[in-house]
Amino acid sequence: MKTAAARQRGVEHDIVQSPQVGDVSPYYEPQGNEVAIFEAAYKRRLPIMLKGPTGCGKTRFLEYMAFQLKRPLVTVSCHEDLTSSDLVGRFLLEGADTVWQDGPLTRAVKAGAICYLDEIVEARTDSTVVIHSLTDHRRKLSIEKKGQEIDAHEDFMLVISYNPGYQTVLKDLKPSTKQRFIAINFDFPSEEVERKVLVSEVPGTKPEVAQQLVAIGRKARLLKDHGLEESTSTRALVYAASMIAAGLDPVSACQVAMVNPITDDAELADALMEIVNAHFA
Amino acid sequence: MKHTPAIDQALAELQELSAAVHREVSAVLPDIVPHGEADTLDWLAACRALFSFERDAGLAFIRGSREAEQVSEEVRPWTGQALAFMQWRASWRALEGFMANVARAYGTLGHAGEKRWAEIGFSWCSRQIESGAAYFSTPVIDLAGRQGGITAIEQLLSPTEELYDSRKLMLGSYLGGAIRVRNLLGAQAILPWASRGADILQTGRTRGEAYFRLESEESLSMLLEHLPGYRLTDRNRLLGMLLDVWFGGEFDLRESTWSPEKGRPFIETDGRTIYFPAVMADREEAILALLHTAGHMRGRTFDRVAMEEMFAEAKLDFPKSGAVSWAPLFLRYGDDALRFQLIFDICEDLRVDAVVQRSVPNYLRRLARAAHALGVRHAETAPYFDLALASIESAFNGKADPRFARLFEAGSTIADAWRAAVKIYEGNEGKALPPVTDLEAFHMAYLPGRSPNAMRLAHPQETDDDSSQQQQPGAEEQGQQGDEGGEETEAPKNAESGEQGEDGEKQEVPSYGDSSGQAARSSGQSDQEGPNHGSSDKGIPYPEWDYRESRYKRNWSWVQEKRLAESNMTETNRLMKQYALALKRLKKAIQSQKPTRAAPLTQQLDGDDMDLNAVVAYVAEKRAGRSPRPAIYKRREIRQREVAVTLLADMSTSIMQHLPEGGGRLVDRIRAGVLLFAESMEEVGDAYSIAGFCSKYRDNVSYYTLKGFDETMSDDIRAQIGGMSGRLATRMGAAIRHATASFDGIESRRRLLLLLSDGRPEDYDDGGDRRYLHEDTRMAVKEAVAKGVHPFCVTVDTMANQYLPQIFGPGHYLVLDHINSLPNKLPEIYLRLRR
């Protein structure tokens, strides 16, 4: 009983990995019809954009879908120094020769993997443009430096994630990029789903603890407009539940998992702790 | 009674002197005689001497003697002390005070203590007889405090000698305030309070004396700032966030005019606004109170329909419009109004707390826990407190109380609370509850977080039609009211003591006994006048650093943002002409400095593209058998030069001076400098704003924005620059804080605050203490840096080397030796800084 990730723990492995027989599906609790949408989009090989706040399950959803569709998943976490070379590939010197090395996107295009560009807005604009030709009917990746083009493998699919609001107005996807995608909106799951997630993600979580954590999360998210850049995520709730399951008292667990990480503002932390204390009073 | 001949002789002489004195003396004499003939004769002589010295003094001495003898069980010492008063003129008031208090001095301080008490007083009489009188007239118990002995008195008076010698502060102005400060804040607070006052006294006699009498706003704010407990004033944001979390939506939160002598601090509401006191006992009580008060607003205490129903039950007319006074509801109970009010509040608060519990988990448990933790209860009203506590605990200890059952239901209204209260009041249990007369006891009857609901006029809320919560309770219950009906009590008493007088309604303000102070103080004084509102006519408050106490004084300096009224286009045109050449040179220099296209960086170890030249070189070298560095990439670097700058000009009187070298006034150069700066900035293209400031006292700092960041340069602005002139003083710290705050919302990587000054920071109320505003400015600069704003000072004061390094730090200022160079230099300095 292993997930694909567990199979390869502590070992170097290629970024393109297909799920193997005997692997266990990653846990995912559907919030709505996102599975059906993804499957339909995959049938037509349309690129997908996952929108939603940090820690609401976008990446997990993709892992789950990749497993269900039996496709390898290549994840690239974008950052502000990420250039098109980092995606497509570059010439490297090897001894006296220059050799071309494929970037992760090229690898995925060739292998027919699902390529996941996480937080795409963080990347430089020149790198977002290279995906244009991949996202329309052409399904081609042009490798300018080599003067080549690759027609994508028939199973190749591009998925990007995009977190509106998190970035400043200065960083936004160009409309011409955005409108090439099927967009699925994610939000924090409903209370019932979130409770289920906690209980399934962290074995040994008591239903009433899950219930309290979820209630705290709901209230904490109301403070988003008071200066929190990111609201309390489902992931944070899972962490809190894990800390409780590992023996920490609930109030401390909530503090270290749900309050301290998201704010340095003493007053905000105070307000958040007030919510925690009220529930565990 | 038989006396020795000597005594009889003395009595006869007194009789001769005045029949009245003889009568008074004869009444006291039997208590004195047992101390022996010598003491008695001395005492009689003292009576005679003091009476001859001053009639009132003698009578006061004789009248006070009996009690003094009773407590001290001696005669000679205090007789001697009384005689000492004869060395000062017009000392009868002091002696009167002495005789009134000497017995209590013996009682509370003991014999040694009394001696010291008298000595201190005598030393004041010698200094100034009014001060001595004020000292002796102050009850000993007040001087010494509750537990204090003679040391407490010495401590209380320790700052006074200095104050008198250096500032001629009389004891009469000092004592009352000092005693209150000690009672509220403890003995250690007296000294800082007094030394602060000494500074204020120096700036003005009336202002200083008002401070010492605790009548001025600054002394009150000083008091509130030092009160022990949980400070709500600084936590407005936290309170708002908590309300948002638990109840959702915006609440109007304001600081009330509460001050320590008004008794227990409460959070209150009038149905529209939540008023919180500056300080509450502890955090838990404050939060419970906040939630409870918000519960009143969300739990429909002020629902018009429900209130109307309640008034109908009480057979009272409900006002058609405007704010509603609660008073008539309680007036019908006459002297028993407070008692009924407590019962009613227990019911209504319980109902509201049940509402709060539905939103806030564990609220009732916390409330009960806080109530238990409180421990002390006022003896008079403990049964009310316990009843309230029991009613809460009935919610979770399984012993449901039928009297309160309805109040826990979701659809219950204030009318239900009224009915429940009437039922309890008329029932046996209600009759067993003790009467309440004392306001302090009344206040102490409330559970932590709860407060008298009738403190303020109520603003009824209109019912939303879609609310399903609203249940119309059956009208048949009305029958069971055996009330004293429409009989209106004559006495204009009411239980209401809060802020009245809104909407011009002068209600029956006087209230129970000692609460009159509260009502009188607060009536007619609306909360809007309070010192702590974000922005108003008073402007925007900023803290100020007091180096003497190493702490910030909250809301100390007030900045008013204004527009410069004067503008002078002629002057601007003249300057433009005069400096046309200089401007041309500047613009050229700026253009040549402007970055064109971002040039790629070549020969990088890492990059987006290969640097072909480098590759060729690399390969060639490699072939030649060398081992070159593989720096063969090129990379585009976008240099970000986003700078925002504020030019903040000192517009104090001193800029109006004529230049020593002739050729006009300093202000001409400043105008020219600002103008050239503005024109250069237009060329540079960075975001910039221009402002000037001046001040008169801490509460009057004017900040003139000539050009905001979001404004485009216009002739109007140019004309304003031409119209700049000097006035008043230089409170630099407040101006820097305001300028720093105005960078908020400006997107830029670097923020520069360019300060143009001609002298040191000073203001009329700095008491001649230069260091004070220096230190404050230094802190303001530190704050600015912490907020990512870099202050840089350009000054024409050639002595500035003495103080600017401390304030701005080395390298963060520039002294211009030639004032005439200012116009050219100012833009240059900026261009150098932004590099």
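Start in chain B and select strand 3 together with strand 4 (residues 273–276): the two run antiparallel and are joined by 2 bridges. Strands here are DSSP runs of E with at least two residues, helices are runs of H or I with at least four, and both are numbered from the N terminus. Two strands pair if DSSP finds at least two bridges between them. Within this pair, pick B:Thr269, which stands opposite B:Ile274 in strand 4 of chain B.

This is a predicted model, where local features need pLDDT of at least 70, side-chain atom pairs count only at pLDDT 80 or more, and totals for chains, interfaces and linings use all residues. Residues are numbered from 1 along each chain as its sequence is written, chains are lettered from A and ligands numbered from 1 in the order in which they are written, and side-chain values use heavy atoms, with hydrogens and water left out.

Contact means heavy atoms within 4.5 Å. Axes are lines fitted to C-alpha atoms, for helices over the stretch in contact, and angles run from 0 to 180 degrees between N-to-C directions.

Stay in chain B and select B:Ile267, B:Glu268, B:Thr269, B:His296, B:Thr301, B:Phe302, B:Ser451, B:Pro452 and B:Asn453, which line the second largest cavity. By class, this lining has 3 nonpolar, 5 polar and 1 charged residues.

Move on to helix 27 (residues 569–578) and helix 31 (residues 715–722) of chain B, whose axes come within 7 Å and cross at roughly 90°. Helix 27 of chain B is therefore roughly perpendicular to helix 31 of chain B (the term covers 65 to 115 degrees; under 35 is roughly parallel, over 145 roughly antiparallel and the rest oblique). Show the side chains at the contact: B:Met569, B:Glu571, B:Thr572 and B:Met576 from helix 27, and B:Asp715, B:Arg718, B:Ala719 and B:Gly722 from helix 31.

Last, go to chain A. Its 5 strands in the order 4-7-10-3-11 form an open sheet with parallel pairing. The edge strands are strand 4 (73–77) and strand 11 (182–185) of chain A. Select strand 3 (residues 48–51) and strand 10 (residues 157–162) of chain A, which pair in the parallel sense over 4 bridges. There, A:Leu50 stands opposite A:Ser161 in strand 10. Helix 2 (residues 34–43) of chain A packs on the sheet and touches strand 3, strand 10 and strand 11 of chain A.

Technical notes:
On a 1 Å grid over the protein atoms alone, a cavity is a set of points where a 1.4 Å probe fits but cannot get out, and a pocket is an open set with protein on both sides within 12 Å along at least five of seven lines; lining residues have an atom within 4 Å of a point. Ala, Val, Leu, Ile, Met, Phe, Trp, Tyr, Cys and Pro count as nonpolar, Asp, Glu, Lys and Arg as charged, and the others, Gly among them, as polar.
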